[in-house]
Every structure is written in structure tokens, then in C-alpha cells.
Amino acid sequence: VAGLAGSGLLTPTLLLILVGALTKSAQWPFHFWLPGAMVAPTPVSTYLHAATMVKAGVFLLGRLLPLFGDVPAWSTVLVPVGLATFLLGAFQALRETDLKAILARTTLSALGLFTMLYGLRLPGQDALQILSHAAYKGPLFLVAGIVEHATHTRDLRELGGLRRAMPLTFAVCLVAALSMAGLPPLLGFLAKEALYEELLHLGGMGSVVLALSVVANAMLFAAVLRLAGGVFLGPPSPKAAHAHEASLGLLLPPAVLAGVAAVLGLGAPLAEGLARGLSSAPGSRLHLSLVPASSGPLLLSLATIALGVAILAGQRLLQGPGRLPSMQAVWDWGLDLVVRAAVAFSARWQNGSVRWYFSGTLLFTVGLSILALRRTGLSVLQVPISLVEMQWYGLVLCVMLSASAVMVVRSTTRIGAAIALTSNGFLTALLFVVYRSPDILLTQILIESVSTLFILLVLYFMPPFRPDGFTAFGRLVNLTVAGAVALVMFAFILLATSPALRETRNLAADYLSRSLAEAGGANAVNVIIVDFRAIDTNGEITVLVLVALLVYGLLRARRAA
Amino acid sequence: VRSGDTPILRTVARFAVPATVWVSVLIFYQGHNLPGGGFIAGVMAGAAGAMYLLAFGARRAARFPWWKVAVVGLLISVMTGTVPFLLGRTYMDHEILHFDLPLIGAYELPTATFFDLGVYLIVLGTLMTIFVELSQEKP
């Protein structure tokens, strides 16, 4: 860890580990998978989803605490996330009607509490809280299974009045529920008192944590009593009419667990010994007793119960049709949004129109060139232009070039446009003859010949030409793009060849002087291609090979089909 | 595409195709010091190939796997850059090799020439692949 701290990777490392641990332990905002995973038979849910599996993330936090506890991000992440889960789980439990869903939400809530405690660096209670949770949540899950077995439903709205038909189950459920509600003399009471005792010592922002913990515990109180009362009290529902008491084999496991809650509650010293022995930080202060040592925790417990009773009385208000958007819905909505945005974007930008792509490419180039020109700090207007150097044949060539360009656009047949384009290309080659640039001249002539062949080959497969029906606005846009390209290229070339620029940064002289000495070649153009800028060329030739393979593959595959 | 099945074109092509290829090799060779180089020479060889294709038909030209020429060219180019890299220098760090040959005497060969050879083969292979494949299409 010390090595990590020096490299600056400590916090990122911790955050990534925390994301894993929090997801495993179903902490907000990664909590939504847990209720969805509760489809298994109740014993499986009890064992996997309420006890072992989700605890693995919490266990990881407990093991990491000595390593990472001093990193600031540890508390900053874990306390708010744990507290939020603690509250959210308890609140959502009040709104569910499915027995297992209620228990799943309260499990989330408990996991939030554990996470928060580790975040507060209070590991002394971990064994106590987990023991207490196991001793009440296990029997409650199993009782939910027994009820479903007897009535074929887990919906709180279809249940009621089972106390007569299933008295033993009711007794087991009551013990577990009262332990969860935190009433004496059960283990849940001891655990909650110890929690309040610890939180009271925090001070500062700890009072916020304490207040919100009281609220969360009150909601858990209301949720579990609503569950127990809804199932066993009140008039028997139609579904409950044929219910029967569970067999011994079904009843024994929850009874044993509820017995643990009762025995450890009554035998507080025993619970203390167990909690100390199993805790990951046994040296902490932990004193369990049914008779509170100080009044603070007891008053808080009373406040919790009072608030819980109030919530229970007013809980019908929470059952309205409006549901909070669940994280599952938010997640799905986000995924859907990404897909829809991508589709909308693709449909608009990748619309298949070559003209559209070409305009985009040109405008981008224009923008980039303008930026580059501005950085030189030179003005086009200061470039001296002398038409004398141009000679009369240069002027004639330029007029012919312009005429051929106009012919390309005005032609009404494809072959006419192709011929005009080719003559434009060869006229450009003539320009290189006039201004003595043999290397580019050679390239221009060869490229022009080969591309003429290409054009003729492709024209063979093209549908008959039909004039584009441009609107006035479309023509204006095309004219603007073309005009912008022409203007910027004009300015660019004018500046690039101006004496002012050559004085400040003369790339040509630099290359020419180094060409023969460093690369053993007198032809600077070729030396630039294969030596000075070889990596650029490397990229370009790779693209060429890809094009060859694509053409080969696509056309072959189409012919084969 | 039907080949231009004319005796004139065939007769001309019999001489023009080898001549163009020979010129392209010369242009490639002189490229480091005089106008020329792998790219232009490759385009020229591609033009010779197109002439052959027009004169004798796509079917004969298609017997040769042109895309492999492009791939081999890319391998050569990349190897030219990789060898100095493996020797602990930067990628594409060219140098000039000096030889003392028996009859010719002292001879300089920049390693960039191998890179240029790759460019030549890639341009030729790509052009020929596209020419051959396009001309075998039916409208």
C-alpha cells in the first residue's frame, strides 16, 4: 500500500476494489440485482442471497479495512453509500407486498449498515451485527417459505389471520420479528443499543449518521411488524382458510435460529463473548447488557420505536400507486437512451450520401487550415503578388484549367464529366512542366492515367445519369462549401510560398540540407516519404493494403453468392 | 468488362507491357536520387498491368493472386521498421549500408530502399487487385 501511495494509484485502486465489493454486496446504486435474484426457493434465498453470497463483499471490506482504512476515499465512499443503502432498503421494504421482496429490501438495508460501519472504521461490532442479522433474517425467510407452502401465495394483500391455523410458525416469526424490531430481551435489541452507543461517540458529522440510522431502524421496525402482522393477525383471508401448521422438519430450522436470537439476547454476556471472539477487531470497547449502562442509547431506542409505530400507523400513505424510479429502471432507461442516441446520430450523420460526407470532410479541412493560417500570424494581404513571374503560358493554362473545372460541373453525362476531369488533371500536369517540378509531374501523369482507367471501369456499372434536383438552398450550401475551400486553399498556398513564411520557418531548406547527408538520397521528396516521414507512409500503405483486401473480399463474396 | 479484343492493342501490349514494367523498375531504382521512387514506380507498374488486362482479358490477369503482392509488400515495409526496433533503436530508424562488392566496388544501400520496395509492391498489388476484381463484375 505504501508503494501504491507513492505512485498516485492508491485511490484509483481502492475505488475499483470498492466498486467490486459494493456491487457484490448490493449497495446503492448497484443494489437492484438483489431483489431480482430472490426467485429461488426460500431456503436457497436464505442461504445464498441473505447470508453468504452478498456478505462476501462486506467480508472483503472487513479484510481490507486494516490496509486501506486510512485512505481518505475509504470513508468518503463507504459511509454515504452504506447510509443511503441502509435508508433506501428500509424505505422500499415498506412499499413491497411480496414477503420475500420485503425481506430482500431489509437485507439490503442491513448490508448498508455493515458497509457504513466499516466505512466509519468501527469494526468492533461487525460480528455482533452480522450475528444479530443472521439470527432474525434467517427465520423470517424460512417462515416466508412455510407460509407460501401453506397458502400458495407470498402476497401480503392475500394473507392474514394465520395465527390460528399456524400458531407455532407464528411464535417463531414473532420472536424473529421482535428481534429485528430491536425489542428487549432479544439479540436485536442488544445489537441496536451497541450501535447507538458507538455512534453517539462519533461527534461532528456523526450526529447526522446517528439521526439517519434512527430513521432507518424505525422504518425497519415498521416493515417487519407490518409483515408479521399482515400475515398472522387480522381476519383470515380466503387463501389462509385451508392453511395448516408446518411439519417439524420445516419448522425446526427457523425455530433454532429464533432460539439463538432469544438465548443470546437473554444471555448478554454470552453474546458479548461471541461477538468479541468472532470480531475482526476484538480489542474494541463492546459491552452488552440488557440493562443499559447509560441513558443515551435507551432514549434513542425509544425514539426508534415511537417513530416506527408512527410509520406503521401511517404506512398506508406509502402504498400509493406512484413508485420511485428504481435503479433497475434508471439503468435500463440509460441503456435504452444510449442505443437511441446512437441510432439517431448514425441515421443523421451516416446517411449514405457521399456529398454529405465530402462536405463534412472539406469543411473540417477548411476549419483546420484557418486555424493553422492564424497561428502563423501572417496576413494574406501582405504577400506581394507579381504577375510578371507567371508568364503568358501560365495564364493560358489557368484559364483552361478553370474552363475544364466548369465543364465537370456542367456536364450532363457521366462520360462527359469524366473526360473534363481527366483533361483538368493533365492540364495540371502541364502546369508542373511549366514550373519545373519533375517529381510531382511524373506522379500527376501516372495517377491521372490510372484514375481515368478506374473511372471508366466504375462508370461501366453506374446507373444512367440524372441531374440532381437541388433546391435553391441546397445550391447555396454547395456554393458556400466550394467557395470556402477555394478561398482557404488560395490563401494557404499564397502564404506557404510567401517570402515572409520562408524566412521564419523554412522546412524545405531543412529537408534539402539533410536529405543526402543523413539519408543518402538526393531526391528529397522520396527521402521524405521513405525516411523522414516513414511512419506516416507506413500508416498510408497499411490503409492501401486494407482497401485491396476489402475490395477482394467484398466483390468475391458478392460474385460467389 | 470485355477485353478490347483488337489485334492492334494486343500487338502493342506485347511490347508496351514489359517495357513499362522495365521503366518502372528503373524509376524505382533511381528514386532515391532522381525523380522516382516506390510509389510512382508502383503506379506505373499498375498501369502496365491495366494495359495487359485490357489487351488479354481479366481472366488471365486474375490467375495471379494480386492481393498477396500487397500483403507481402506490407510485411517487407513493416519488417524494415521492426528490425532496428528489435536492435534497440527507434521504429523506422533507417541507416545507410556500405558494401564492398567484387566488381562494382564500394556501394551504398540505404535501408530505406527496402521500405520503398514494400511501397512499390503494395501500390502494384492494390491497383491490380481492384482492377482485376472490378473488371470481373457483371453489371
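This is a predicted model: local features need pLDDT of at least 70, side-chain atom pairs count only at pLDDT 80 or more; totals for chains, interfaces and linings use all residues.
Residues are numbered from 1 along each chain as its sequence is written, chains are lettered from A and ligands numbered from 1 in the order in which they are written, and side-chain values use heavy atoms, with hydrogens and water left out.

**Interface of chain A and chain B**

- Chain A brings 42 residues to the contact and chain B brings 46 residues, contact meaning heavy atoms within 4.5 Å.
- About 4,000 Å² is buried between the two chains, 75% of it on carbon and sulfur atoms; buried area is the accessible area (1.4 Å probe) that two parts lose on being put together, summed over both.
- Two salt bridges are found across the interface, each a side-chain nitrogen of Lys or Arg within 4 Å of a carboxyl oxygen of Asp or Glu.
- One of them joins the side chains of A:R559 and B:E133 at 2.7 Å, N to O.
- On the side of chain A that touches chain B, the elements giving two or more residues are helix 19 (438-459), helix 22 (507-519), helix 23 (524-532) and helix 24 (534-560).
- Helix 24 of chain A supplies the largest share of that side, 17 residues.

**Fold of chain B**

- Chain B has five helices and two strands, taken as DSSP runs (helices H or I, at least four residues; strands E, at least two) numbered from the N terminus.
- Along the sequence, these elements follow the pattern α-α-α-α-β-β-α.
- Of its 139 residues, 47% count as buried, that is, under 20% relative accessible area, with exposed meaning over 50% and partly exposed in between (1.4 Å probe, protein chains only).
- Among contacts in chain B between residues at least 6 apart in sequence, 65% join residues at least 24 apart.

**Positive phi in chain A**

- A:H152, a residue other than glycine, has a positive phi near 60° and lies in the loop between helix 8 (126-151) and helix 9 (167-181).
- A:H152 is exposed, at a relative accessible area of 66%.
- A:R436, also a residue other than glycine, has a positive phi near 55° and lies in the loop between helix 18 (414-434) and helix 19.
- A:R436 is exposed, at a relative accessible area of 72%.
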